[in-house]
Amino acid sequence: MTPPFRRHVLYLPGFDPIPPRRYRELYRREGADQAAISGHRLRITKAQAPGFAWTVHGQVEGRDTRTVIEVALWSDIVQASMRQGIAGTFAQLARTSWTYIATGTLTRLMRLRRGPVIAALYPIVVLLVQLLLALLAGGLVAWGVVALGGGWLALPAGLAALWGVLVLGQRLDHRLFAYYLMHDYAFTARHRGGYPPALEDRLTQFRARLRDILDDGPDEVLVVGHSSGAYLAVSLLADLLREDPPRPGGPTLSLLTLGHVVPMAAFLPDAGRLRQDLAWLGRADGIFWLDVTAPGDACCFALCDPVAVCGGGGEGQKWPLVISAAYTQTLSPERQKAIKNRWFRLHFQYLCAFDRPGDYDYFAITAGPQTLAQRFAGRKPSPARITRAVGARP
């Protein structure tokens with residue numbers, strides 16, 4: 001009897017303060033949908049792992065499989081960076097805008113893809129509109145108080161109205177996401193593309209955990225990085241492979257990056273560590289690296305080769321294999337209509353079911369019986385991929 005194909009997935013989320021159970025429930029729900037569409041059989045149970053993890057018992061493409069999916073947590077670092085309050089967030093707005101503009105990073109990003117740059121400008125515009133409305137409300141209330149003869153109350157009343165509008169804007173952020181996105185971009189800009197000490201320490205912990213996973217001996221160890229987690233995954237694997245190259249006969253090591261925003265960090269002036277990691281990993285042996293984006297995802301740098309556009313391409317570059325999730329082909333018109341203009345939903349579609357799946361199927365990749373290299377053997381990169389160097393060289 002053929003033993004189950006064993007895989008361990010280490011998933012690195014993007015800038016997300018939400019507890020990791022969200023990712024388990026997303027996998028459970030969307031996996032059930034994909035199973036009904038593609039004929040997979042998936043059953044989820046609790047995993048025996050030191051972190052937050054679950055086990056997927058699958059029967060996919062005619063073979064039994066067992067996958068442990070473990071979330072590499074850094075949500076506590078995200079949460080700590082978001083404790084700014086209203087005044088602190090507006091101060092972040094000023095510092096972040098200045099960093100991207102004064103260093104020329106914004107101009108270079110615009111030359112690459114305008115969609116994610118417009119998405120980056122969204123929180124700035126929304127917060128400035130809120131500030132303008134607050135100033136108008138404060139001025140009108142102060143004028144009204146003066147007109148009613150309460151001149152000495154005009155200033156405190158105006159300030160109270162101003163602050164009330166700003167508080168209302170903050171409380172509506174579960175719909176507007178302006179504060180959340182501002183904290184996201186400010187986190188990267190604060191160190192001008194460098195990793196803060198807390199994040200470097202966490203990457204060291206991830207590296208130790210990844211070594212333990214490799215030592216456990218599954219058939220494949222798959223590192224998945226989504227959004228900002230994509231460039232963390234690059235640095236994690238570059239550090240691991242430089243220090244401890246893969247051993248013959250050990251597990252297959254694979255990297256899957258989804259919806260990456262690498263240029264938002266790598267184009268900043270102090271991102272030399274990230275640019276070096278990109279250039280090194282793009283030439284590394286002992287790994288298969290697949291990068292998946294979609295032009296329909298305005299929050300990512302769609303089809304931009306993260307190594308090449310950041311200046312690390314050229315002779316000897318092997319990775320990544322850049323392909324498109326092709327939402328217009330892999331999602332039915334009905335499903336496209338249902339998620340149209342929902343930026344965050346489109347940015348998470350890589351982790352969801354496709355009702356007209358092509359060769360990219362997140363659940364076949366994570367719970368199927370083939371390694372990433374086997375599944376995409378012979379696959380050519382997207383003809384629309386962008387490889388021109390726009391960012392600073394390593």
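The model is a predicted one, in which local features need pLDDT of at least 70 and side-chain atom pairs count only at pLDDT 80 or more, while totals for chains, interfaces and linings use all residues. Residues are numbered from 1 along each chain as its sequence is written, and side-chain values use heavy atoms, with hydrogens and water left out.

**First stop: Arg24 and Glu25**

Select Glu25, which is partly exposed at 31% relative accessibility. Arg24 is likewise partly exposed, with a relative accessible area of 24%. The two form a salt bridge (a side-chain nitrogen of Lys or Arg within 4 Å of a carboxyl oxygen of Asp or Glu), and their closest N and O atoms are 2.9 Å apart.

**Second stop: a salt-bridge network**

Select Glu200, Arg207, Arg211, Asp239, Arg242, Glu243, Arg273 and Asp277 together; salt bridges that share partners join these residues into one network.

Next, select Asp16 and Arg22, a salt bridge whose closest N and O atoms lie 2.9 Å apart. Which of the two is buried, Asp16 or Arg22? Asp16 is buried, at 7% relative accessible area, whereas Arg22 is partly exposed, at 34%.

Select Glu220 and Arg7, whose side chains meet in a salt bridge of 2.6 Å, N to O. This pair links distant parts of the chain, with Glu220 in strand β5 (residues 220-226) and Arg7 in strand β1 (residues 5-12), 213 residues apart. Helices (H or I, at least four residues) and strands (E, at least two) are DSSP runs, numbered from the N terminus. Both Glu220 and Arg7 are buried. In total, the model contains 22 salt bridges.

Select residues 228-243, which make up helix α10. Helix α10 is largely enclosed by the rest of the structure, because 14 of its 16 residues are buried.

**Last stop: Ala161**

Finally, select Ala161 in helix α6 (residues 154-171). Ala161 is buried, at 18% relative accessibility. Leaving aside neighbours within four places in sequence, Ala161 is in contact (heavy atoms within 4.5 Å) with Ala137, Gly138 and Val141. The C-alpha atom of Ala161 is separated by 8.7 Å from that of Ala142, 19 residues apart along the chain.

Note on methods
Buried < 20%, exposed > 50% of the residue type's maximum accessible area, 1.4 Å probe, protein only. Expected span 1.5 Å × (residues − 1).
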